[in-house]
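Q: Hi! Could you walk me through this structure before I set anything up?

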Amino acid sequence: MTEPVRLSAWVHGYVQGVGFRWWTRSRALELDLTGYARNHADGRVHVVAEGQRSSGEKLLELLRSGKAPGRVDLVVESWEPARGDMTGFEER
């Protein structure tokens, strides 16, 4: 088994007020990821998810798939080792 990782994804587009964070939470929980999706004042949503790299990559694929509520124009990602400081997946 591989070491867990932390995905940080900044989602740009029309992603606030359309159920995007709820949808992201549902997908993350299906993939056994912990973390959160948080709205920011500039209109982006910051998604932080920890778990297996393959699950994080699947979440990224889903975020970019065109199936998410609203309109995703760009997803900027970064990866680091998991910190293990989160449980569940929250909408913030």
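A: Happy to; what follows goes from the overall fold to a few single residues.

Q: Great. What kind of model is it, experimental or predicted?
A: This is a predicted model.

Q: How many helices and strands does the protein chain have?
A: The protein chain has two helices and five strands. In sequence order they follow the pattern β-α-β-β-α-β-β. The radius of gyration is 12 Å, close to the 12 Å that the globule rule gives for 92 residues, so the chain is as compact as a globular protein of that length.

Q: And what does the C-alpha trace span along its principal axes?
A: About 35 × 25 × 20 Å.

Q: What share of the residues is buried?
A: Buried residues account for 37% of the 92 in the protein chain. As for the accessible surface, it comes to about 5100 Å², and carbon and sulfur atoms hold 49% of that.

Q: Okay, on to the strands. Which way do strand 1 and strand 3 pair?
A: They pair in the antiparallel sense: strand 1 covers residues 5–14, strand 3 covers residues 45–51, and seven bridges link them. Within that pairing, L7 stands opposite A49 in strand 3.

Q: How many bridges join strand 1 to strand 4?
A: Ten, and these two strands also run antiparallel, with strand 4 covering residues 71–81. On that side, S8 stands opposite S78 in strand 4.

Q: Let's switch to helix 1. Which of its residues are buried?
A: In helix 1, the buried ones are F20, W23, T24, S26, R27 and A28.

Q: And what do those buried residues pack against?
A: Their partners are strand 1, strand 2 (34–39), strand 3, helix 2, strand 4 and strand 5 (89–91).

Q: Is E30 buried or exposed?
A: E30 belongs to helix 1, which covers residues 20–30. E30 counts as exposed because its relative accessible area is 58%, and the cut-off for exposed is over 50%.

Q: How far is E30 from V45?
A: Their C-alpha atoms are separated by 20 Å, and the two residues are 15 apart along the chain.

Q: What comes just after helix 1?
A: D32 does, with a positive phi of about 65°. D32 takes that positive phi although it is not a glycine. The residue lies in the loop between helix 1 and strand 2, and D32 is exposed, with a relative accessible area of 68%.

Q: Last one: where does G56 lie?
A: G56 is in helix 2, which covers residues 53–63. G56 counts as buried because its relative accessible area is 3%, where buried means under 20%.

Q: What does G56 touch, leaving out residues up to four places away in sequence?
A: G56 touches L7, L33 and W79. L7 is the residue that stands opposite A49 in strand 3.

Q: And how far is G56 from E3?
A: They are 12 Å apart in space, C-alpha to C-alpha, and 53 residues apart in sequence.

Conventions
Residues are numbered from 1 along each chain as its sequence is written. This is a predicted model: local features need pLDDT of at least 70, side-chain atom pairs count only at pLDDT 80 or more; totals for chains, interfaces and linings use all residues. Side-chain values use heavy atoms; hydrogens and water are left out. Helices (H or I, at least four residues) and strands (E, at least two) are DSSP runs, numbered from the N terminus. The radius of gyration is taken over C-alpha atoms; the globule rule is 2.2 Å times the number of residues to the power 0.38. Buried means under 20% relative accessible area, exposed over 50%, partly exposed in between (1.4 Å probe, protein chains only). Accessible areas come from the Shrake-Rupley method with a 1.4 Å probe; for residues, only the protein chains shown count as cover. Two strands pair if DSSP finds at least two bridges between them. Contact means heavy atoms within 4.5 Å.
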